[in-house]
Amino acid sequence: RFIVHAEVTPRTTIEPVSAATIEVSAADIRRGYVEPVARYRVRSNDPRGFLLQVRPQSLHAEAVEVAGVAEPLALDVDGVDVYHPWARGAQEVAVRVRVKLHDRVRPGRHALPVHVSVAAL
């Protein structure tokens with residue numbers, strides 16, 4: 001007789017589905033902001049779920065909307081963590097960021113001013 005004990009370490013991964021860039025037009029600059037949507041594929045083996053972590057890389061990111069969250073969340077210097085329940089297989093998560101544009105911004109493609117990551121619980 002013998003006893004087997006196995007422990008599975010919680011693991012969560014994220015990969016971009018769409019480019020994490022902003023396409024800024026002259027009309028966006030006149031309006032003063034742009035709201036790009038970045039999509040990510042998240043896989044987790046943790047039945048408790050995971051945290052989607054959004055951290056600003058620029059002071060121009062003002063708010064973030066995450067699919068499944070009722071209202072936009074203010075994005076301060078610490079960023080936000082949003083809980084997501086576990087789902088079998090991969091789930092796609094959409095993140096919309098409101099980016100305040102200053103008058104020195106020029107039309108064109110720019111990097112998304114937030115960093116998105118995940119953490120197992």
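Okay, let's start with a sheet: 3 strands form an open sheet in the order E8-E5-E11, and the pairing is antiparallel. Strands here are DSSP runs of E of at least two residues, numbered from the N terminus, and two strands pair if DSSP finds at least two bridges between them. Strand E8 (80-84) and strand E11 (114-120) are at the edges with a single partner strand each, so one side of each has no neighbour in the sheet. On average, neighbouring strands in this sheet are turned by 20 degrees against each other, direction ignored; the axes behind that angle are lines fitted to C-alpha atoms.

Before I go on, this is a predicted model, where local features need pLDDT of at least 70 and side-chain atom pairs count only at pLDDT 80 or more, while totals for chains, interfaces and linings use all residues. Residues are numbered from 1 along each chain as its sequence is written, and side-chain values use heavy atoms, with hydrogens and water left out.

Back to the sheet. How many bridges pair strand E5 with E11? There are 7 bridges, in the antiparallel sense, and E5 covers residues 50-56.

Arginine 55 makes one with aspartate 81, and their closest N and O atoms are 2.7 Å apart. Arginine 55 is in strand E5 and aspartate 81 in strand E8, so the pair ties together parts 26 residues apart in sequence. Are these two buried, exposed or partly exposed? Buried means under 20% relative accessible area, exposed means over 50%, and partly exposed is in between, with a 1.4 Å probe and protein chains only. Arginine 55, at 26%, is partly exposed, and aspartate 81, at 41%, is partly exposed too.

The whole structure has 7 salt bridges. Glu15, Arg41 and Arg43 are linked in a network of them. Glutamate 15 meets arginine 41 at 3.3 Å, N to O, and glutamate 15 also bridges to arginine 43, with the closest N and O atoms 3.3 Å apart. Glutamate 15 lies in strand E1 (residues 12-16) and arginine 41 in strand E4, 26 residues apart. Arginine 43 is in strand E4 as well, 28 residues from glutamate 15. As a general point, side chains of opposite charge can pair when their charged atoms come close.

Stay in strand E4 and find serine 44. Serine 44 counts as buried, at 14% relative accessibility. Its side chain reaches the backbone nitrogen of aspartate 46 at 3.1 Å. Leaving aside neighbours within four places in sequence, serine 44 is in contact (heavy atoms within 4.5 Å) with residues including Phe50 and Trp86.

Last stop, the inside. Which residues have the most contacts in the largest nonpolar core? They are Leu52, Val54, Val64, Val95 and Val114, in a core of 23 residues. A nonpolar core is a set of buried Ala, Val, Leu, Ile, Met, Phe, Trp, Tyr and Cys residues joined through side-chain atoms within 4.5 Å. Among the elements giving two or more residues to this core are E5, E8 and E11, but E9 gives the most, with 4 residues.

Definitions and conventions: Axes are lines fitted to C-alpha atoms, for helices over the stretch in contact, and angles run from 0 to 180 degrees between N-to-C directions. A polar contact is a pair of N or O atoms within 3.5 Å; within protein, one must be able to donate a hydrogen and the other to accept it, and residues adjacent in sequence count only if both atoms are side-chain atoms. A salt bridge is a side-chain nitrogen of Lys or Arg within 4 Å of a carboxyl oxygen of Asp or Glu.
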